[in-house]
Amino acid sequence: MSQNRGLLCTMSLLVAIAIAGGAQAQPFYSVTSGGGQQQIGDGLPLPAQDQISAMGGKNGTGGPIGTYQNFPPLLIPVKNLAVVKQTAGPDPKKITVPPGVFRRIPTANGTTMGVKVPLLIGVAANNPNVLQVRTTLSFSGPNKTQGSMTFMAGARPNNKTQFAGTPLGSKAVYNSPTGVRFGGVSQTRIKNLGTIGLWVDLPSIPLPCVHTKFGGASRTDCKAKKVAAYPKTLAAAGGPAGNKVITPGTPLANPPAVYFAIPGTDGVITMSSAATLATPVIDKATSIGFPWTTGQISLSQPAALGGKENFHITGMDGRVNGVGTIQLVASALSKRTTTGPNANRTWLELPEPSAVLGAAAALAVLGVCHALVRRRPR
C-alpha cells in the first residue's frame, strides 16, 4: 500500500510539472498581482504615502523610498483579471500589456481597494520650502490614447546612456546589461479627481507654528502661500527619451494663501483660515522623461531646493523560460517655477502568473503526499 502511495505522489508531481509547462506555453495570462508607484524628488510619493521609510536606502535602513532595488509599496494596483501577452522564443520574452492594466482610482472617502489612502502628507522635513501636499490623483497605465505597450529586449538605447534634464546639470544615466537592454516606452495617464495643491512655506518660519487666530501667543508670521499643482494628461516618466511635459500652473489656488496652525514639525496644517496675497502663485512644471528599463538608473538633480538629489534605482527580469517576475524602472527630471527642480522615479512590477500556477501545483502535490503519509499504517 505504501508503494502505491509513493507511486501516486510521483504521478501527481509529474502532472504538476505538466500543468506548469502547459501554463508556460500559453501566450496569454491573467494577472492579479503587481503594481506601480511614482515619486517626485524625495518628498512626494504618488499616490501619497510616507516619503521616508525602511524601503529606502542602499541597505533598506531608511531613506527615500525605492532606492536601489528596494521597491516601495506599489499603490497603483493591477486591475482585476488584467490580461497580458508573452511571446514565445528565447529569453527575455516580449511582454505586451494592454491599456489600463495598472490602475488606481481613489474613492470619495479616501479608500481604494479597501485600503486607507493618505490624501494629505507633510513634506517639510524633506523640502524646506513646502509644508504639506494634498492630492487626489487617479492613475492608469498604459494609457488608452497610446494603446498597448510591448516591453522587449533592445528597446532601451545603448548599454550606457546619459540624458540631460532641466535645469542645466541635471542628468539621468541608464545602465543595461550588454545585449539585453529590456524595456520600452509606456506613459501613465494621470487625472485630477479633486483637490490638488500644496502649501508653500516661507523659509523664515520655524515649526511648530500657530497663528494668533488659533491661539498662538505672538505668531502672526504663520502664513503660507497656497499653490495649485494640476497635472497634464500623461506623465513624462516612462515615455520616449527626452519627451517633455509642461503643466499650465492654472487654475490658481483659492484662497491664494492661508493663516495656519502646525502644532508639530511635519508640516501638516491642522487649522487654517483664508489670507490675502498680493500676487497669486503660478507653479508651472517642466518635466523631461525617459523610458522603462530592467537595468539601473542613476539620477542627479543638483539644484533641488531641499538639497542635491542623487538616486539609484534598479529593475530586474527574474524570468527563466518565461516564468518569473519583471520589475521595471523609469525616470524624469523636472523643474517648477516656485517649488524648484526634482529627480523623479517610477516603479512597475509585473509577476508572470505561470510562476504562480507552477507554485500552486507544487503545493497541491505536497498537500496530497502529506495527507497520504499521515494515513500510512503505524
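I begin with Y68, which is found in the loop between β5 (63-64) and β6 (76-77). Please bear in mind from the outset that this is a predicted model. Y68 is not a glycine, yet its phi is positive, at about 60 degrees. Its relative accessible area is 26%, so Y68 counts as partly exposed. As background, most residues other than glycine have a negative phi, and most peptide bonds are trans.

N321 is also a residue other than glycine with a positive phi, here about 55 degrees. The loop between β29 (316-317) and β30 holds N321. With a relative accessibility of 40%, N321 is partly exposed.

I turn now to the peptide bonds. Which bond is cis, with omega about 0 degrees, and ends at P208? The bond in question joins L207 and P208, and P208 belongs to the loop between β20 and β21 (209-210). A cis bond also runs from T250 to P251, with omega near 0 degrees. P251 sits in the loop between β23 (243-246) and β24 (257-262).

The chain contains 2 helices and 31 strands. Of its 378 residues, 47% are buried. Consider next the contacts between residues at least 6 apart in sequence: 72% of them join residues at least 24 apart. The chain exposes about 17300 Å², and carbon and sulfur atoms account for 58% of that area.

Is S300 buried or exposed? Its relative accessible area is 10%, under the 20% limit, so S300 is buried. The C-alpha atoms of S300 and K171 are 5.4 Å apart, although 129 residues separate the two along the chain. Leaving aside residues up to four places away in sequence, S300 touches G169, S170, K171, K308, E309, N310 and L333.

The next topic is the aromatic side chains. How many aromatic pairs does a search of the whole structure find? The search finds 3. One of these pairs is formed by F163 and F290, which are stacked, with 4.7 Å from centre to centre and 25 degrees between the planes. F163 belongs to strand β16 (residues 160-164) and F290 to strand β26 (residues 285-293), so this pair ties together parts of the chain that are 127 residues apart in sequence. F163 and F290 are both buried.

F290 also pairs with Y174. Here the ring centres are 6.5 Å apart and the planes stand at 70 degrees, so the pair is edge-to-face. Since Y174 lies in strand β17 (residues 171-175) and F290 in strand β26, this pair ties together parts that are 116 residues apart in sequence. Y174, like F290, is buried. Through these ring pairs, F163, Y174 and F290 are linked into a cluster.

A further ring deserves mention. R345 is placed over the face of F311, 3.7 Å from the ring centre.

I shall close with the empty space in the model. Rolling a probe the size of a water molecule over the atoms shows where such space is left. The largest pocket holds about 820 Å³ of space. Its lining comprises 49 residues, of which I40, L44, L46, R336 and N344 are the closest to the centre. Several strands supply at least two lining residues each, among them β2 (35-40), β3 (44-46), β13 (130-134) and β30 (325-336). Which strand gives the most to this lining? That strand is β31, with 5 residues.

The structure has 2 cavities of 30 Å³ or more. In the largest cavity there is about 140 Å³ of space. It is lined by 17 residues, and the closest to its centre are F102, G141, T188, W292 and L348. β2, β14 (137-141) and β31 each contribute at least two residues to the lining of the largest cavity. Two of these strands, β2 and β31, also each supply at least two residues of the lining of the largest pocket.

Thank you for your attention.

Methods: Residues are numbered from 1 along each chain as its sequence is written. This is a predicted model: local features need pLDDT of at least 70, side-chain atom pairs count only at pLDDT 80 or more; totals for chains, interfaces and linings use all residues. Side-chain values use heavy atoms; hydrogens and water are left out. Rings of Phe, Tyr and Trp (its six-membered ring) pair if their centres lie within 6.5 Å; planes under 30 degrees apart count as stacked, over 60 as edge-to-face and the rest as tilted. Helices (H or I, at least four residues) and strands (E, at least two) are DSSP runs, numbered from the N terminus. Buried means under 20% relative accessible area, exposed over 50%, partly exposed in between (1.4 Å probe, protein chains only). A charge sits over a ring if NZ of Lys or CZ of Arg is within 6 Å of the ring centre and within 35 degrees of the ring normal. Contact means heavy atoms within 4.5 Å. Accessible areas come from the Shrake-Rupley method with a 1.4 Å probe; for residues, only the protein chains shown count as cover. On a 1 Å grid over the protein atoms alone, a cavity is a set of points where a 1.4 Å probe fits but cannot get out, and a pocket is an open set with protein on both sides within 12 Å along at least five of seven lines; lining residues have an atom within 4 Å of a point. Grid points are joined across faces, edges and corners, and a volume is the space filled by probe spheres set on the points.
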